[in-house]
Amino acid sequence: MGVAKSWRFSLTPAAAKLALLQHHHGYNGGGGAATKQQSLRSPRRWSLVCGLMLFGLGLVSLFTGHVASDLEWWYSQRVANHGFYLKLTGNGREPIDVWKSKYSKFYYGCSERGRHYAPAKKEKASNGYLLIATSGGLNQQRTGITDAVVVARILNATLVVPELDHNSYWKDDSDFVNIFDVEWFISSLAKDVTIIRKVPEKVMRSMEKPPYTMRVPRKSEPEYYIDQVLPILLRRRVLQLTKFDYRLSSNLDDELQKLRCRVNYHALKFTKSINELGQKLVMRMRQMTTRFVAVHLRFEPDMLAFSGCYYGGGDKERYELAEIRKRWATLPDLSPIDERKRGKCPLTPHEVGLMLRALGFANDTYIYVASGEIYGGDETLRPLRELFPNFYTKEMLANEELKPFLPFSSRLAAVDYIVSDESDVFVTNNNGNMAKILAGRRRYMGHKRTIRPNAKRLSALFMARDKMDWDTFAKKVKSCQRGFMGEPEDMKLGRGEFHEFPYACICEKPLSSVENNDPHTQVARDSTGKTRYPYNVNPREKALHISMKRNLGKSERDNEDDEAFPD
């Protein structure tokens, strides 16, 4: 109230007039020396008046800023804190649809080039040829390929089709052309970057030295490439960047982020043979059920070894995982108990099944398990099968057709990627590369339901599961998963990697578009023919939509520690 009073008295016209009046009387009320002295003081009094007025304006700004901030906080609390599992409606409480977000219809993926986007540099006019050697498994390499295109754009370089990793843990000797449609990759990005299959022989023969090879630091800013990489490229003409994964900052300007989306979600198409097999498996799942859940278990030996976690297998497990762990020379010794408390341990297949049942997926739900070799084999999978008997894998759905792919882990991973992307619900089991890439893609493609376990909170809950009944456990699981269900409002600027949260490529649909394109939306109109609001987009729902849009620009993270896969 004191602030309000001071603001009011400092700004009113009466106060300003009073100051002017006092000045006028002071100037005319005396004579002789007094008048001369007052004349000398006049500039000081005007300075005082101006200072008081500026002070008053500052108080106004401070007061109104606090009021606006408090009102927005109050508004967001009133609108957004209805919870995702029991949405308030006029008739009571309505359970969330675990299969689909009711708010996804407000958003769509957008990655078009801007009006002032410069065309790609032609090969002869470019600053040189950029060679890229990716690293890791399929999806880790996918992030490297995506960022390679962006780096080529930053450097005004001609990009040579990236080289895939043949020496990683998976020992897959597939080349780019064996996984992705290379012609489509080159043509679809022609307006962004000039891409060629290999450096021309004439250029290679003219070089006095072999291509310069270097490795840039992780998550380097564009300025690093301009200051440190470009001079070498200009001097040597051909430059190779090695182990190229997560070597570009997650935070870039919007045009470069949209380029990332064009590469990742449009230019990187799988080969015809991979895509056909993946679509066959999707079709076979659809023939059995109208909707299904894809679960990426990521419970393979390499992931468990990397995590430093322990799952009760005794000395045999400790020895086997320790041997695998030796491939990462820089990994520190970790406490399995502490890692589990931090939420760094993948859930067991049994725990994933319990989470899904607690969220509301019934026993007759069809499950597609996307995974490689599960540590512990069928015995580890048995509890998940018991919870969900309609359990399928690529090996179960395609026997003979899968044989040509068996020697190639990346091609098998690509098949799992396709089925997981086409599923109605995708469930991750860690924050690894496939989980991030697919979560981002599904957000871009319409916020298809994507569930990521809140492992930090769930781990503590699983350890205390025997101390509570099922209803209490299920209620607590739903509470733990708030913010991890793939809702549009999970998108927050600065949260996680851009590949997982592609905020710059998610746009808001006009309400009229939502009304016209949704066959289930009933539109009410007034006497003038103007739309009031669709029946299933009521004012409360629209208000929540506005709140979600505001959250896109706020930085907020919930128990997350993003760790890149190490070299």
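Biologist: Which elements each supply at least two residues of the lining of the largest pocket?

Modeller: α4 (138-155), α11 (301-307), β10 (367-370), α15 (377-387), α16 (394-397), α17 (409-422) and α18 (433-444) do. This is a predicted model.

Biologist: Which of them gives the most?

Modeller: α17, with five residues.

Biologist: What makes a residue part of a lining?

Modeller: An atom within 4 Å of a point. In the largest pocket, which has a volume of about 790 Å³, 37 residues make up the lining. Closest to the centre of this pocket are Trp170, Glu300, Ser371, Gly372 and Glu373.

Biologist: How do the lining residues of the largest pocket divide by class?

Modeller: There are 15 nonpolar, 13 polar and nine charged residues. Gly counts as polar, so Gly372, one of the residues closest to the pocket centre, belongs with the polar ones. Glu counts as charged, so Glu300 and Glu373 go with the charged ones.

Biologist: How many cavities of 30 Å³ or more are there?

Modeller: One. The space in the largest cavity is about 80 Å³.

Biologist: Why is this called a cavity and not a pocket?

Modeller: Because a 1.4 Å probe fits in a cavity but cannot get out, whereas a pocket is an open set.

Biologist: Which residues lie nearest the centre of the largest cavity?

Modeller: Arg443, Arg452, Phe484, Glu500 and Phe501, out of 13 lining residues. Two or more lining residues come from each of α18 and β13 (450-451).

Biologist: What classes line the largest cavity?

Modeller: Five residues are nonpolar, three polar and five charged.

Technical notes
Residues numbered from 1 in each chain as written. Predicted model: local features only at pLDDT ≥ 70, side-chain atom pairs only at ≥ 80, totals over all residues. Heavy atoms only, no water. 1 Å grid on protein atoms, 1.4 Å probe; cavity = no way out; pocket = protein on both sides within 12 Å on 5 of 7 lines; lining within 4 Å. Points joined across faces, edges and corners; volume = space filled by probe spheres on them. Helix = DSSP H or I, 4+ residues; strand = E, 2+ residues; numbered from the N terminus.
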